[in-house]
Amino acid sequence: MAGMQDTELTQLLTALCSDDKTTRTNAEAMLAGNRQFAGFASRVAIAATAGANAGALPVPIRQMALTVLKQLVIDHWCNLAPEDKSKVQQCLLGALAEESSALRGLLHACAVHVRICGGAWPELQEQIGAGLVKGTTHEAFCCVECMFALLEEGGIEVAASLGALQEPLLRLASGEASPPALRRKCIEVHCAGVNTIVSSPQAPAPALEAVLSALPTWLTVHAALCTGVDGWSDRDRVECAFTAVRTITTISRFRSLWPVMADALEAVLRPTCLLVQQIDPGYAEAVIHADDGGSSEEEDNGPAQLVAQLMELIQAMLLGPQLRALLKGRARSLLQLLVPFMRVTEAQARAWREDPNEFLAQEEDDRVRGCAVRLSGEYLVGELLGHMKREAGKAIAGLAAELLERGETERAAGDTKAWKLTELALLIFGISASDLDVKSLKRSDLASLVPVAFSTCGRLCGDSGVPDLLRARAFAVLRRLGDAVCAMSPSDLPALLDAAACALTLNEPMVVRVSACRAFCRFLTAVSDKALRDRLLVERGVLASLGSLMRGADEELLHLTLESLCVIVRQCPDTIVTVASSLASLILEIWLRSRSDPLVGLQVLDLVSCATAANPQLQLALEAGLLPAVLQDLQLGSDPHAASSAVQLYGVLLKRAAVPLAGLLWQCVEPLIALIMKSEESGFLENACDSLICLVQRAPTQVTDAGLLVPMLQCVEHLLGPGLDDNACLFVGPFTTLLLSQFGKLLPAQVVTGLLRALVLRLSHAKLPYLKQELFVVVARLMHEDLAGVLGALAAMQLPRKDGTGDRNGLEFLLSMWMVDAEQIRARRARNVTVSALCRLHERCGADQQLGSLQVDGISSPTLSERLLALILAALEFENERCRKHQASLQSADLDDSEEDDDEDDDDDGDALGGASKSRTAQLLSELVDLEDDDDDLDELLGAGGGEGDTYQDLERSDPFHSMDLRRTAGEYLARQPQPHNGDLARKLAAALAEANGSATA
């Protein structure tokens, strides 16, 4: 369809824009069949760039034409006919100054890709140059936009080729006759060029020299934009200053530019600070003291963005010693200028009152929306303290004291807006003090302010007439500085807890209740007076208040209330017993409501675990309150997610239940086993293995007496089935190992043989390293119990090959997989079990010539005896390597401790790492390496959090093999073996034994 007419092309483009999926699909098929025909690209280019000519297509159709053209260029430029290439270039050059901004970006993108795909395009550069020098304002602006697109997408070669255009671009940027928008775009283009050239390792030397030589002049342009021109509107002044500061912030991150920038940044900072000072009163009136609906945060290049960007520039300057020197002696003046912009805006205050989750997110710097100035200011305070410790510390202490005094004085005088000054003073005080321990805080410049701030916070917390966000800030500061409060104002803790208890009640504003809740839990742990705690929890109604707060909570607030309840249960279990039934009802309600949220589910499990560990009566109350719902969700036909959540909760209740198990706890067992046999859902089966292990560990006699051993073995058979996903049977290995250790002597030989067959078949399908590791552990344990029986049973089996080419001897099948996967067995207990089993198997090879000469992978492979010896040697080498790394880690830590710099007053010795020592940085990097896995084997393999009470870790640590010294065991075994005939193997063996023996002697 090479001769597609204009009307047909228009119809095709229109169809591509259709809302109907079938129409679009048919049009895409037609497009695919025509895009490489000669003349098609030319027609699309003409349609896309027709502009205001007669018969020009609507903008949406032209947008589609440009989209099609861009993809044609990217995918097929090399295959287009020369005539099409020429026509496309001609059309794009003619439309470079397209009037419609909706089309111009796509058009420039097409030009960029023609330049990238087609190489040098001198006509494009000539056209841009002519537009910069001779064009109208609109043409010049469009050419600058095209340059920006070329620099952003074109790479170092394109950036270097545009160097000749820097001079006319600079004239436009510096010319006072140039409109502000054009001047802003010019410095953005310059910044993009600098960024591309300086950051590229392949940048030509002349291009780098050109950047450095022109930079002072460009910085003069930035300074001029920050100063502004008579006749500019306030908006133009702010937008130009914002763009100038933002681009300087970007290029200031390049260390090679610091010497040049150090001489010119003063001229940029001075007018910018003056402009910020001028906009302060208007900003305070329109944004801080009036609700603008958040428009100031959403406005592009507005006053809020200018202030935040200036804060970011100062932070960037602090990273470089040469730039940081410009800030010396100016910390106080900069803070006095910028900190007032950090006051809470009315829009943000409204948002926090409407949704306390946003307030919590702001406090935790988590998924924060809005507050750009406030957050930038918090970071600035932190960076100033990190890089100009002495000067910034004094400045912040003085400013916080001034703001606090002014705020409280004006509040007392009746100024309803002054609370924001007090809130800001407490905020920056909290930021500054939170990084200091109590001893350092007492010696710091903040020391004289601490008692004033603490007493002010205490007074505000107890006054219900204080504005809600100020009261919330007071609670937040005291909680944040909890250690200092406990050490420096211990006598105030009862009053503070009482104030928090009062602030938790239902009639208080939600944002106050949230902060009070956090403060209450922080300081509850600091008092030992049981009578006081009981009075607060019951008489003051904290438990009832927390329950009401939790029932209406979601997101961060729900997490907070669950954490708080955990703290209270740990600290006051006897008091909680008095409301145990209510606690169980509350937990059940939250659990049922949040089963689809895995994070909340984990917190509920933590709370249940905490309560059952705290008091046996709480265990009984939770069993009575939760188990009916658990039993219901374990019935056949239950929702898989509900069943998975139920079995998790059941497992937690099992861990500390009284034995023998009775009532609903025992009634859940048979439904659980029945559900396991029918399920293929990985989440449920993973949790079910945990519960089954707990059952066997805690009530083995009940299991056998109730005839549950056979059903549990059937569960093992189901979990080992090749049809299940690896995740579904991930923990079948530990469960099987436990069954064998508890009931192995009760199992007939044919059951063990069937188990071996199922294990080997599952190994042939397994992909996850942890699953394979634990299955090898089960086989190795069986070998330790009865090596001859296992070898005989495996040798008698015939199992299907992986490739389906027939059957294979079971022993060869297992050993071939073991040889391949041995190096993936890395958890401590698993290494100990499997490697010691390999030692026994190798020893057997010495007594059984037929076994020892077995060639598992064909006649060209080494004998089994040789391969086993190599595997045991590799295991010893791995143990040696672990010991080396562990020793190196300890030595590195000792060296770091001995070289730590205690001089807290040195402001300028740090580098871009923010003062972190090089030895400590190296240590942090080394922590990524597995140096010592004694306590974290399972966590490393699963990526799990583990923790106290983890079933599988407890199971591993209780295994006698866990404490085996494998290095010694393997070394002693290998030392007893005759020297291998293989010279290379013999040398490795001698070296490994020497290292092992040397370390043991040391």
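Is cysteine 694 buried or exposed? At a relative accessibility of 4%, cysteine 694 counts as buried, because the cut-off for burial is under 20%. The model discussed here is predicted.

**Cysteines**

The number of disulfides in the model is 0. Cysteine 694 takes part in no disulfide, and the nearest cysteine sulfur, which belongs to cysteine 668, is 13 Å away. Cysteine 883 is likewise in no disulfide. For cysteine 883 the nearest cysteine sulfur is that of cysteine 839, at 16 Å. A disulfide requires two cysteine sulfur atoms within 2.5 Å, so neither cysteine 694 nor cysteine 883 qualifies. Cysteine 883 has a relative accessibility of 27% and counts as partly exposed.

**Overall dimensions**

The chain has 1002 residues, of which 52% are buried. Its secondary structure consists of 56 helices and 2 strands. The C-alpha trace spans about 95 × 85 × 65 Å along its principal axes. Among contacts with a separation of 6 or more, 73% are between residues 24 or more positions apart.

In soluble globular proteins, nonpolar side chains tend to be buried together. The largest nonpolar core in this model holds 346 residues. Helix H15, residues 265-288, gives the most to this core, with 11 residues. The residues with the most contacts inside the core are Ile128, Phe429, Phe520, Ile568, Tyr650, Phe684 and Trp818. Two of these names return below.

Tyrosine 650 is in contact with Leu627, Val630, Leu665, Cys668, Val669, Leu672, Ser691 and Leu695, leaving aside neighbours within four places in sequence. Cys668, in this contact list, also carries the cysteine sulfur nearest to that of cysteine 694.

Glutamine 619 and threonine 834 are each found in a helix, H37 for glutamine 619 and H49 for threonine 834.

| Residue | Relative accessibility | Class |
|---|---|---|
| Glutamine 619 | 3% | buried |
| Cysteine 694 | 4% | buried |
| Threonine 834 | 3% | buried |
| Cysteine 883 | 27% | partly exposed |

Helix H37 covers residues 616-633. Not counting residues up to four places away in sequence, glutamine 619 touches Thr612, Leu653, Arg656 and Ala657.

Helix H49 covers residues 828-847. The side chain of threonine 834 reaches the backbone oxygen of arginine 831 at 3.4 Å. With neighbours within four places in sequence left aside, threonine 834 is in contact with Phe776, Val777, Ala780, Trp818 and Ile825. Trp818 is one of the residues with the most contacts inside the largest nonpolar core.

**Helix H29**

Helix H29, residues 493-503, is mostly covered, with 8 of its 11 residues buried. The buried residues are Leu493, Leu496, Leu497, Asp498, Ala499, Ala500, Ala501 and Ala503. These buried residues pack against helices H26 (450-461), H27 (468-480), H28 (482-488), H30 (510-524), H31 (530-539) and H32 (542-551).

**Cavities**

The whole structure contains 3 cavities of 30 Å³ or more. The largest cavity has a volume of about 80 Å³. Which residues line the largest cavity? Its lining is made up of Tyr283, Glu297, Phe341, Met342, Arg343, Val344, Thr345, Gln348, Cys371, Val373 and Arg374.

Notes:
Residues numbered from 1 in each chain as written. Predicted model: local features only at pLDDT ≥ 70, side-chain atom pairs only at ≥ 80, totals over all residues. Heavy atoms only, no water. Helix = DSSP H or I, 4+ residues; strand = E, 2+ residues; numbered from the N terminus. Buried < 20%, exposed > 50% of the residue type's maximum accessible area, 1.4 Å probe, protein only. Contact = heavy atoms within 4.5 Å. Polar contact = N/O pair within 3.5 Å; in protein donor to acceptor, adjacent residues only side chain to side chain. Core = buried A, V, L, I, M, F, W, Y, C linked by side-chain atoms within 4.5 Å. 1 Å grid on protein atoms, 1.4 Å probe; cavity = no way out; pocket = protein on both sides within 12 Å on 5 of 7 lines; lining within 4 Å. Points joined across faces, edges and corners; volume = space filled by probe spheres on them.
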